[in-house]
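Here is a short briefing on one protein chain.

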Amino acid sequence: MTLQHKLALALATMLACVRTIVFVIVFLGGSLALVPLALLLGLLGSGQSLFIGPKLWAGWFRLTSRVITGIRIEIEGEIPHGPHLFALKHESAVEAILTLWWFERPAVVMKQELRSIPIWGLASARHGSIFVDRAGSAGMLREMMRQAQAAVAQGRPVVIFPEGTRVEVGETPPLAAGFAGLYKMLKLPVVAVAHDSGSVWPKSFIKYPGTVHMKVAPPIPPGLPRAEVEQRVHAAINALQAEGRT
């Protein structure tokens with residue numbers, strides 16, 4: 001690498017760092033107002049009004065991440081409406097937050113630790129997030145199933161990160177046990193979503209401008225054998241890795 005290229009890379013990294021700092025200040029500043037509002041609307045409202053606050057907060061994230069950090073999202077395929085089991089790759093906060101923007105009234109399966117975040121945890125629980133501990137105990141799985149069934153009975157989609165945790169770019173761990181149980185019990189079509197958000201939103205502090213590519217696979221019908229549905233979902237959520245786009 002030439003000295004000119006090294007200087008250009010250093011300048012780009014410095015600029016990305018500055019933009020990240022500005023984003024954190026602006027996004028968290030707005031969240032200080034929007035998250036309590038989401039909790040208030042959740043406590044006072046019912047039905048559709050429960051989801052106004054989360055949608056506003058996710059929209060704020062979408063706007064600030066695009067305008068300040070320069071992150072854009074391109075979606076290939078259609079996101080269907082109504083009750084489905086959505087299975088997403090999990091590489092960053094981008095998809096974790098924007099599930100509230102992409103899907104209508106989603107019941108998102110997330111780790112129990114998030115429930116303890118002040119105000120946010122209460123608001124999230126009120127609008128129907130499904131909190132699970134990572135130990136994967138039988139009692140936890142039963143409670144996850146119960147809450148997922150209740151969400152589907154209300155006409156809501158269920159969203160899960162089937163690999164069980166956030167992974168680094170390029171990692172393709174096997175699916176966690178909870179996915180197969182949800183698929184069998186809910187009897188819903190599965191829509192797998194691949195993306196490469198970790199390429200612009202790594203675990204390190206600095207976030208980089210660029211495009212997140214999302215690929216929505218055609219629905220997988222209910223009732224398939226466990227091995228087959230797991231193989232198809234695993235391949236679909238890692239489709240961009242297979243194409244060498246991460």
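Ser204 sits in the loop that links S6 and S7. The model is predicted. Ser204 has a relative accessible area of 39%. That value lies between the 20% and 50% cut-offs, so Ser204 counts as partly exposed.

**Ser204 and Pro83**
- Along the chain, Ser204 and Pro83 are 121 residues apart.

**Overall fold**
- The protein chain has eight helices and seven strands.
- Its radius of gyration is 19 Å, close to the 18 Å from the globule rule for 246 residues. The chain is therefore as compact as a globular protein of that length.
- Along the principal axes, the C-alpha atoms fill a box of roughly 60 × 45 × 35 Å.
- Buried residues make up 44% of the 246 in the chain.
- Take the contacts between residues at least 6 apart in sequence: 73% of them join residues at least 24 apart.

**Nonpolar cores**
- In soluble globular proteins, nonpolar side chains tend to be buried together.
- The largest nonpolar core here contains 30 residues. Trp57, Phe61, Leu88 and Trp201 have the most contacts inside it.

**Helix pair H6 and H7**
- Helix H6 spans residues 177-186, and helix H7 spans residues 226-237.
- The two pack at an angle of about 115°. Their axes are 11 Å apart.
- Is the crossing of H6 and H7 left-handed or right-handed? The crossing is right-handed.
- On the H6 side, the contact involves Ala177, Phe179, Ala180 and Tyr183. On the H7 side, the partners are Arg226, Val229, Glu230 and Val233.
- By class, the H6 and H7 contact holds six nonpolar residues, two charged residues and no polar ones.

Definitions and conventions
Residues numbered from 1 in each chain as written. Predicted model: local features only at pLDDT ≥ 70, side-chain atom pairs only at ≥ 80, totals over all residues. Heavy atoms only, no water. Core = buried A, V, L, I, M, F, W, Y, C linked by side-chain atoms within 4.5 Å. Buried < 20%, exposed > 50% of the residue type's maximum accessible area, 1.4 Å probe, protein only. Axes fitted to C-alpha atoms, helices over the stretch in contact; angles between N-to-C directions. Helix = DSSP H or I, 4+ residues; strand = E, 2+ residues; numbered from the N terminus. Left-handed = near helix turned anticlockwise from the far one by under 90°. Contact = heavy atoms within 4.5 Å. Nonpolar A, V, L, I, M, F, W, Y, C, P; charged D, E, K, R; others polar. Rg over C-alpha atoms; globule rule 2.2 N^0.38 Å.
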